[in-house]
Amino acid sequence: MLKVANISFGYTSKEVIKNIGFKANKGDYIAIIGESGSGKSTLLEIIYGLLHIEKGTVHWNDEKLLGPNFRLIPGEDFMKYLPQDFDLMPYTTVEENIGKYISSQDKNKEKRIKELLKVVDMTEFSQTKVKNLSGGQKQRVAIAKVMAKEPEVLLLDEPFSHIDNFRKNKLRRDLFKYLKSKNILCIVATHDTTDALSFADKILVIKNGKLIANNTPDKLYTNPKSAYIASFFDEINKIPISEIKADDTSKKSVLLYPNQIKLTEISGIKATVVASYFKGNHYLIEAILNKTTVFFEHPSSLKTGSKILLEFDVKDISKKKY
Ligand code: ADP
Ligand code: MG
């Protein structure tokens, strides 16, 4: 088990990681999400042992991990870390890059390289020099490379940032299936929440260096504690309750996803259409309700300026106040 306890860290006197703690088990997939600059990369570097922390501890299976001040070569052996700006050897082939850390004495070396090439869907490029690959292809090689010497813990920083959507979905499915099958703990920093929602066992949400949520994807999605959290999953509406219920004077708001607001014929709340955005299987409609902008889903586009009536899917408003 990985145990991160009460860690704080600052590059200068200003702390950018503030008292963060969490636990993760073998085989788990943990997604770290947060806006740019919130501290995701810093947190991964601390866990890997690249940054010295004065406050807090990191344990793996009861063993305390020592930071860079106590190790000649930074980084732990059982752990692999893929930084945001991965580095590969440009003038050697894909196969050589992946095999670099596997001993040539290892009887399974070839088999292992083949297996990894398949996971990242790069088999046909095994003999290609890295300098001749696209950004996304390089990134896939980099992912295979950190898995070469089967680690127990894998830390990936924005691993799919250069990979186009067409490839990304298959890669994510293949990679996370593979990691589960090998019982490898994987911690991924990402601002792309598709991989977090569909694959993560737990999502850690970081804001300004603080851990503000640590929960399963479905719990975070269905019951987000703040607009910041919900905004990673979808366009989020923060609507003052007084806009929905005229008799409410609480000055509180509800958080609603676009699929929780619908057009209705009778007894709805009046709004005016501002714009319609095509989203493939539906339109996202932007409308204005008194002073509040709302986004909701609708099967067709609506005429800009038209007056509409809206219905809000708020089951128990008293429990959903912010
Ligand atoms: P994220 O990965 O979530 O975008 P980072 O961990 O890279 O966030 O950065 C967290 C904070 O630490 C930011 O305010 C950033 O400017 C600062 N920071 C990151 N790296 C350094 C560094 N090497 N020196 C000083 N400040 C840094
Ligand atoms: Mg980062």
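**Entry 1: one helix**

I began with Lys170 and Asp174, which both lie in helix α5 (residues 165-181), four residues apart, about one turn of the helix. Helices here are DSSP runs of H or I with at least four residues, strands are runs of E with at least two, and both are numbered from the N terminus. This is a predicted model, in which local features need pLDDT of at least 70 and side-chain atom pairs count only at pLDDT 80 or more, while totals for chains, interfaces and linings use all residues. Residues are numbered from 1 along each chain as its sequence is written, chains are lettered from A and ligands numbered from 1 in the order in which they are written, and side-chain values use heavy atoms, with hydrogens and water left out.

I found the side chains of Lys170 and Asp174 meeting in a salt bridge, 2.7 Å from N to O. The term means a side-chain nitrogen of Lys or Arg within 4 Å of a carboxyl oxygen of Asp or Glu. I noted Lys170 as partly exposed at 38% relative accessibility, and Asp174 as partly exposed too, at 23%. For these labels, buried is under 20% relative accessible area, exposed is over 50%, and partly exposed is in between (1.4 Å probe, protein chains only).

**Entry 2: other salt bridges**

How many salt bridges does a search of the whole structure find? I got eight.

One of them pairs Lys55 with Glu15, the closest N and O atoms being 3.0 Å apart. Lys55 sits in strand β4 (residues 55-60) and Glu15 in the loop between β1 (2-9) and β2 (17-24), so this pair links distant parts of the chain, 40 residues apart. Lys55 is partly exposed at 47%, and Glu15 is partly exposed at 28%.

Next I looked up Glu150 and Arg112, whose closest N and O atoms are 3.9 Å apart in their salt bridge. Glu150 lies in the loop between α4 (135-147) and β7 (153-157) and Arg112 in helix α3 (residues 109-119), so the pair ties together parts 38 residues apart in sequence. Is Arg112 buried or exposed? Arg112 counts as buried, at 13% relative accessibility, whereas Glu150 is partly exposed at 41%.

**Entry 3: the metal**

Last, I checked the magnesium ion (ligand 2), which is coordinated by Ser41 (OG) and Gln84 (OE1) at 2.0 to 2.8 Å. Ser41 is in helix α1 (residues 40-48) and Gln84 in the loop between β6 (79-82) and α2 (94-99), 43 residues apart. Donors are N, O and S atoms within 2.8 Å of the metal (3.2 Å for Na, K and Ca), and water is not among the atoms, so sites may look incomplete. I logged Ser41 as partly exposed at 22% and Gln84 as partly exposed at 41%.
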